[in-house]
Amino acid sequence: MYDYAIMRKILMIPGPIEYESNVLNTLSLPTISHSSKEFVTIYKEALTKTATIFGASVSESVPFIISGSGTLGMEASVVNFIKRDSKVLVVNTGYFGDRFVDLFSRFTDKVDQITSPLGEAVEPLSIKEKIDTNEYELITVTHVDTSTGVKNDVRKIAEISKGTDTILVVDAVCSAGGENLDMKWGIDVAFSASQKALGAPPGLAVGVAGSKAISKMEKIPPLTFFSDLRKWSSVSRGILESKGGYFGTPNVNLISAFNVSLSNIMQEGIENRISRHETMASALRAGINGMGLEMIPKKSFANTISAVYLPDGIDQKKFLSEAEQHGALFASGLIKEIASRYFRIGHMGSITSSEVMIAIGSIERALRDNGHNIGVGAGLTAAQSYLSESGRLKSMN
Ligand code: PMP
């Protein structure tokens, strides 16, 4: 049977995502010299907008854009603020918290963790207890853990660590551009990557180091080379002063495309964008509830990703491949113990109600194909009702 859905499907994994055509078109422009005036202007714009998205100002903080993935952002955001054997705390809500523990193990044995039960955010007061009774050089928090879709209360955590000597580092790879996030809350370093809610293809680690972090970094000998933020800060400062700067050849085409995506974000307005993400995530959850499915988080839901348990007896591989044929590509589970029992839906970037309905429709049909007994349109009706309430559909599309 000829099926359009086989040919045309949307990428709804938690990054990479579907990108806007003006972003993709920019990638195909001729590569210009990385030291040309034209590129310095583009780079400067991208750095300035990056700072704005993180709620930082370029006069007090240093934004950075480095070729590499989010994992380079993780490394650069921590190694510059610790010494060998520094004591650190990882606020660990899943796979990417574990990755921080792994990263720190290369530099220190003194790694404490605060964890939470599966599907729950970490209680900020438990962090206060730890900070009050230990001297941590640095704390890491994963804002949205992509493995579970749980969102930590970064604002409260920042209020707790603000005023202490500890550097608070926020992994915003799965949140920047889709969740409320503001360095002014008391965050010292925040970083993300290009490929998720910031809306450009994978390949850039981006972030901002605030003044407390910068002055700490200047007193500490570097532990690494490519992820040495002293080097990248001096590049950023040169670019922001329109003088240029070089440490490693920047990815000219990708930074240009990223800059276009940041302009798209500015044009929509950061608040509008976050509220669109929130509405789309809520509509998707309404659909998931309508189908009688259970999410991993019980509250503290992310705007950018949803992790959903499969009903008993549904084979994950078959389900994912059928959902793909029905139009939407989802990701499998990441938490080892339950990896085959759930799947993950990315809903970020340019997400609209159309993609939300495609996602729910393809989940519904894939479940029915696999013999699961749900009514036709149960999820779609619930999501549609949610979106129709108080004119949400009209204002969001
Ligand atoms: N942190 C979080 C929260 C992530 O979601 C990811 C990527 N999924 C990373 C870090 C690592 O980023 P990358 O895969 O781009 O290296």
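**Exercise 1. In which loop is proline 16 found?**

Solution. This is a predicted model, where local features need pLDDT of at least 70, side-chain atom pairs count only at pLDDT 80 or more, and totals for chains, interfaces and linings use all residues. Residues are numbered from 1 along each chain as its sequence is written, and side-chain values use heavy atoms, with hydrogens and water left out.

- Step 1. Take the elements from DSSP runs: helices are H or I with at least four residues, strands are E with at least two, numbered from the N terminus.
- Step 2. Proline 16 sits in the loop between strand S1 (10-11) and helix H2 (21-27).
- Step 3. Check the peptide bond: glycine 15 and proline 16 are joined in cis, with omega about -5°.

**Exercise 2. Locate aspartate 85 and give its phi.**

Solution. 

- Step 1. Aspartate 85 belongs to the loop between H4 and strand S3 (88-92).
- Step 2. Its phi is near 70°, a positive value in a residue other than glycine.

**Exercise 3. Describe the shell around the ligand.**

Solution. 

- Step 1. Count a residue as near if one of its heavy atoms lies within 4 Å of the molecule. There are 13 residues around the ligand, and Ser69, Thr71, Thr146, Asp171 and Lys196 come nearest.
- Step 2. Sort by class: four are nonpolar, six polar and three charged. Here Ala, Val, Leu, Ile, Met, Phe, Trp, Tyr, Cys and Pro count as nonpolar, Asp, Glu, Lys and Arg as charged, and the others, Gly among them, as polar.
- Step 3. Assign elements. Helix H4 (70-79) and helix H5 (95-104) each supply at least two residues. H4 gives the largest share, three residues.
- Step 4. List distances to ligand oxygen atoms. A side-chain N or O atom of serine 69 is at 2.5 Å. A polar backbone atom of glycine 70 is at 2.8 Å. A polar side-chain atom of threonine 71 is at 2.5 Å.

**Exercise 4. Characterise the contact between domain 1 and domain 2.**

Solution. 

- Step 1. An automatic or database assignment sets the bounds: domain 1 (4-18 + 270-396) and domain 2 (31-268).
- Step 2. Their centres, taken over C-alpha atoms, are 29 Å apart.
- Step 3. The contact (heavy atoms within 4.5 Å) takes 29 residues from domain 1 and 28 residues from domain 2.

Terms used
Polar contact = N/O pair within 3.5 Å; in protein donor to acceptor, adjacent residues only side chain to side chain.
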